[in-house]
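Student: I am new to this one, so please take me through it slowly.
Tutor: Gladly; have a look at it, and then ask whatever comes to mind.

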Amino acid sequence: MKNKVLFGLATIMMVAFLASCGKVPQAEIDAANAAIEAAKTAEAAVYIPAEFAAVQDSMNVILADVEAQKSKLFKKFGPVKEKLTAVVTLANQVAANAAVKKEEVKKESETLLNDIKTVIEENGKLILKAPRGKEGAAVIEQIKADMATIDATVVEAQGLFDKGSFMDALNKIKAAKEKADGINTELKEAIAKVRR
Amino acid sequence: MRLKRVWRNIFGIIISALVLTVLLLLLRYFMPRPPVEKVDYARSILSQASSSSAGIYSRRLFKDAESFYDSAMIIWRRENEKFFLLRDFDEVERYAVLSASKAEEALRTAKENVTSLKMRIEQRIDTLNNIVAHLNKLFTNYPLSANLRNRISKGKLLLKESEIAFSKEQYLQANKKIIDAEYLLTESYKSAVTNLEEYFRSYPVWKGWVEKTINASKSNNSYSIIVDKYSRKCHIYHNGIRRHAFDVELGQNWVGDKRVRGDKATPEGMYKVIKKFGSKHTKYYKALLLDYPNETDKAEFRREIANGSLPPTARIGGLIEIHGNGGKGIDWTEGCIALTDSDMDVVFSIAGEGTPVTIVGSMLDLNEVLK
């Protein structure tokens with residue numbers, strides 16, 4: 001009788017052991033979430049949105065997998081752990097890529113800002129050399145208005161750049177640079193025409 | 001006896017194992033199953049929708065889909081915490097299905113919205129580029145107020161920003177910029193056209209002068225000169241037929257009639273050449289002096305002094321010429337009409353003292369100009 005009781009207890013313990021042998025890899029989940037958060041802080045969603053979305057999707061797959069395992073009688077979290085490790089690596093890579101891309105955009109914005117300031121300075125000198133008779137004329141008035149608008153846009157773009165919004169700054173500077181270059185050409189042509 | 005007991009134990013173990021296996025199979029069979037495939041499907045559609053920027057272009061539907069998916073996961077987690085035989089995944093399935101359906105709708109509408117937004121922006125960019133081309137063509141040399149010029153500048157820069165955002169497929173930003181640009185440019189264009197309409201009010205008078213000049217050329221079988229200030233052309237007529245058309249440059253404030261000395265305006269009226277100056281007698285290569293101010297100009301000047309629209313100290317202008325040294329591409333004279341030296345040679349050779357010179361704001365009416 002004693003043997004039968006012991007045997008029954010052993011069986012129940014074995015079933016309980018089998019049913020609960022897999023433990024949710026909470027530490028790995030937390031690590032993956034932290035890595036994704038770090039990628040987000042590195043503005044991966046702004047600079048490399050597709051890569052960031054891919055990491056988030058991988059994490060969602062894993063979280064669904066975790067719940068699927070938790071719903072089973074015999075849980076198995078080994079593959080999930082491996083996937084979580086891969087997500088941490090991927091998220092770290094995405095954060096690094098975002099930082100690289102951000103630096104690229106920053107450099108491009110910085111170069112364009114310096115270039116445009118040079119063009120604006122040159123335009124300021126060119127307008128003084130523009131034909132005397134041109135002063136007060138409609139064309140020069142429009143050029144002056146365009147130059148003032150470009151100046152304001154550069155100030156706005158510089159503000160965005162200083163705030164770290166390099167992507168927003170870049171679009172503004174590009175547009176302003178194109179306009180400033182256009183004015184530069186127009187003024188040079190007008191001066192050359194008068195000299196002829 | 002001992003052997004018998006051993007056999008009995010082995011038999012017991014086998015039976016227990018069998019019972020346990022059957023028990024486990026039964027448990028597995030009766031255990032509630034989570035809707036793994038449905039959740040997976042919802043997630044994959046959500047992922048596709050996200051890649052298609054549904055979060056931006058079908059925001060509400062995408063947010064709903066995300067929210068339903070989150071609910072499914074939360075309920076799933078909560079159910080998993082219960083004793084396994086008491087779990088119920090119906091709600092999980094319901095939310096997963098709802099999420100998938102919303103995500104599908106978000107994906108579809110995002111694609112539609114992007115297509116239509118893209119088309120709308122493209123059309124607006126085209127329209128505004130046309131307006132800018134019109135503004136450049138009609139008003140580059142036309143004096144507009146500083147405020148209007150600033151608005152045009154801002155509009156043009158916003159249009160450029162919109163084009164850049166559009167080329168980067170940032171359609172929402174492009175749309176925002178194009179709406180602002182549209183407001184500035186269309187309003188500025190309307191104001192500028194209103195301004196031009198004001199200037200063209202004198203068109204019936206100009207038309208009469210032009211007809212008279214051409215008819216005189218025909219009936220006298222002689223040369224006549226007509227200067228069209230708006231199109232900046234100097235037309236030479238002989239026997240009523242146009243023989244030449246030359247580009248001209250005018251006074252800096254060419255819009256409107258000349259009123260007073262130093263206003264840098266080119267006068268409008270019917271004049272004639274009163275003196276020819278060869279290259280030794282003018283600093284402008286060659287010149288034809290006109291009889292400005294004529295009697296009509298003098299009468300108008302006196303009227304303006306009398307009604308106070310001009311100060312009593314004002315002096316009437318003079319020495320208006322058609323001369324050379326032109327081709328600068330700008331309006332630079334004090335009110336004269338400048339041609340290139342080679343064009344001036346032609347005009348100088350055909351014009352004599354008494355040759356009629358009619359100066360009008362425009363030979364075309366405003367509708368033709370706007371076309």
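Student: Starting with chain A, how much of its contacts with a separation of 6 or more comes from residues 24 or more positions apart?
Tutor: Those residues account for 79% of such contacts in chain A, where two residues are in contact if their C-beta atoms, placed from the backbone, lie within 7 Å. Please keep in mind that this is a predicted model, in which local features need pLDDT of at least 70 and side-chain atom pairs count only at pLDDT 80 or more, while totals for chains, interfaces and linings use all residues. Residues are numbered from 1 along each chain as its sequence is written, and chains are lettered from A and ligands numbered from 1 in the order in which they are written.

Student: OK, and how many helices and strands does chain A have?
Tutor: Chain A has seven helices and zero strands, with helices (H or I, at least four residues) and strands (E, at least two) taken as DSSP runs numbered from the N terminus. As for burial, 34% of the 196 residues of chain A count as buried, meaning that 20 or more other C-beta atoms, placed from the backbone, lie within 10 Å of a residue's own, whereas exposed residues have 12 or fewer and partly exposed ones fall in between.

Student: What domains does chain A get?
Tutor: The assignment, which is automatic or from a database, gives domain 1 (20–101) and domain 2 (102–195) in chain A. Taken over C-alpha atoms, the centres of these two domains of chain A are separated by 46 Å, and seven residues of domain 1 of chain A are in contact with five residues of domain 2 of chain A. On the side of domain 1 that touches domain 2, the elements of chain A giving two or more residues are α3 and α5, and α5(A) gives the most, with four residues.

Student: Switching topic, how many residues of each chain take part in the contact between them?
Tutor: The contact takes 37 residues from chain A and 39 residues from chain B. On the chain A side, α1 (2–20), α4, α6 (138–162) and α7 (166–195) are the elements that give two or more residues, and α7(A) gives the most, with 10 residues. By class, that side of chain A has 17 nonpolar, nine polar and 11 charged residues; here Ala, Val, Leu, Ile, Met, Phe, Trp, Tyr, Cys and Pro count as nonpolar, Asp, Glu, Lys and Arg as charged, and the others, Gly among them, as polar.

Student: And which residues have the most contacts inside the largest nonpolar core?
Tutor: They are A39(A), A91(A), A49(B) and A72(B), in a core of 49 residues; such a core is a set of buried Ala, Val, Leu, Ile, Met, Phe, Trp, Tyr and Cys residues joined through C-beta atoms within 7 Å. The largest share of this core, nine residues, comes from α4(B). There is also a second, separate core of 43 residues, and L112(A), A175(A), L128(B) and F139(B) are among its members.

Student: What does A91(A) touch, then?
Tutor: Leaving aside its neighbours within four places in sequence, A91(A) is in contact with A32(A), A35(A), I36(A), A38(A), A39(A) and V55(A).

Student: Now chain B: what is the strand order in its open sheet?
Tutor: The eight strands of chain B run in the order β3-β2-β1-β8-β4-β5-β6-β7, with mixed pairing, and two strands pair if DSSP finds at least two bridges between them. Its edge strands, which pair on one side only, are β3 (241–247) and β7 (337–338) of chain B. Inside the sheet, β4(B) and β8 (residues 356–360) of chain B pair in the antiparallel sense over four bridges, and I359(B) in β8(B) is the bridge partner of G269(B).
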